[in-house]
Amino acid sequence: MTVGIDYLKYDNCYNDGTKPTVRYPVMTRALTKAGRPIFFSLCEWGDLHPALWGFKVGNSWRTTNDISDNWNSMLSIIDLNEVYADLARPGGWNDPDMLEVGNGGMKNNEYIAHFSLWAISKAPLLLGCDVRNLTKETFNIISNQEVIAVNQDSLGIQAKKVRMEGNSEIWAGPLSGNRVALVLLNRATVPHSITGNWDDIGIPENSVIEARDVWEHKTLETRFVGNLTVNVEPHSCKMFVLKPIA
């Protein structure tokens, strides 16, 4: 009987050339005999599109190769992961690799965008930094309970990039309680005004919406109909939970 193990990551390093669809189910069968639930993370680097077959084998699957601690790598990884959004669901998640938050290669605003995109994508929030030496800024990002709640929402539906206009992107996904999670992402090096339209993000057109800014921890005084527009700084995002009130 296995004691004290909750999570097993099966990496792809030094494999013997056996197909992942053959190799990984061997571990699945072994874990079912462990005597306790163990989260099984498949990490074959997205080589054989594990999102297409991973649900019957494990609990998450890497959709990409390894992430690096820089803005361009982070964005390319989450773009590749988004392709498989429809295949994620409770019990089986797309994994775009660990979080780089706190490792020093990006600025604080870039790490906030990184954490926001992983959270709204229902990705496993695996810390890749040294938790013994966290700065206050890093701790504030990784411990944001409102953002974590979006990631852990019971509906378990991965958000999608529903619209992009140049370097301005709108990511949205449904939450429990008839709410919607929204990330307005500015990939550019200059500020942009970004609009999330209700018809793009799955809200009835005439709905009156209350917007909660989950990084500022405040509900906006304005009530929104049809869309929400905000100014977003370079390499940054705004993240909201939208709730219909009429």
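Biologist: Which residues line the second largest pocket, and how is a pocket defined?

Modeller: A pocket is found on a 1 Å grid over the protein atoms alone: an open set of points with protein on both sides within 12 Å along at least five of seven lines, where lining residues have an atom within 4 Å of a point. Here the lining consists of N109, I112, D213, W215, E216, N231, V232, E233, S236, C237, K238 and M239. This is a predicted model, in which local features need pLDDT of at least 70 and side-chain atom pairs count only at pLDDT 80 or more, while totals for chains, interfaces and linings use all residues. Residues are numbered from 1 along each chain as its sequence is written, and side-chain values use heavy atoms, with hydrogens and water left out.

Biologist: Which elements give two or more residues to that lining?

Modeller: Helices (H or I, at least four residues) and strands (E, at least two) are DSSP runs, numbered from the N terminus. Helix 3, strand 12 (227–232) and strand 13 each give two or more residues to the lining. Strand 13 gives the most, with four residues.

Biologist: What is the volume of the second largest pocket, and how do its lining residues divide by class?

Modeller: A volume is the space filled by probe spheres set on the grid points, which are joined across faces, edges and corners. For the second largest pocket this comes to about 180 Å³. As for class, Ala, Val, Leu, Ile, Met, Phe, Trp, Tyr, Cys and Pro count as nonpolar, Asp, Glu, Lys and Arg as charged, and the others, Gly among them, as polar. The lining has five nonpolar, three polar and four charged residues. The largest pocket holds about 230 Å³, and its lining has eight nonpolar, two polar and two charged residues.

Biologist: Is S236 buried or exposed?

Modeller: Buried means under 20% relative accessible area, exposed over 50%, and partly exposed in between, with a 1.4 Å probe and protein chains only. S236 counts as buried because its relative accessibility is 9%. S236 lies in strand 13 (residues 236–244).

Biologist: What is S236 in contact with, leaving aside its neighbours within four places in sequence?

Modeller: Contact means heavy atoms within 4.5 Å. With those neighbours set aside, S236 touches W71, N109, A113, L184, L185 and N186. The C-alpha atoms of S236 and I112 are 7.4 Å apart, although 124 residues separate the two along the chain.

Biologist: Which members of the largest nonpolar core touch the most other members?

Modeller: A nonpolar core is a set of buried Ala, Val, Leu, Ile, Met, Phe, Trp, Tyr and Cys residues joined through side-chain atoms within 4.5 Å. Of the 33 residues in the largest one, L117, W118 and L185 touch the most others. Elements giving two or more residues to this core include helix 2 (71–82), helix 3 (108–120), strand 7 (179–186) and strand 13. Helix 3 gives the most, with eight residues. Contacts of L185 beyond four places in sequence include W71, L117, S236 and C237.

Biologist: Which residues of helix 2 are buried?

Modeller: They are W71, S73, M74, L75, I77, I78, N81 and E82. What covers them includes helix 3, strand 7 and strand 13.

Biologist: Where does K122 lie, and what is its phi?

Modeller: K122 lies in the loop between helix 3 and helix 4. Its phi is near 60 degrees, a positive value in a residue other than glycine. K122 is buried, at 4% relative accessible area. K122 is also one of the residues lining the largest pocket.

Terms used:
On a 1 Å grid over the protein atoms alone, a cavity is a set of points where a 1.4 Å probe fits but cannot get out, and a pocket is an open set with protein on both sides within 12 Å along at least five of seven lines; lining residues have an atom within 4 Å of a point.
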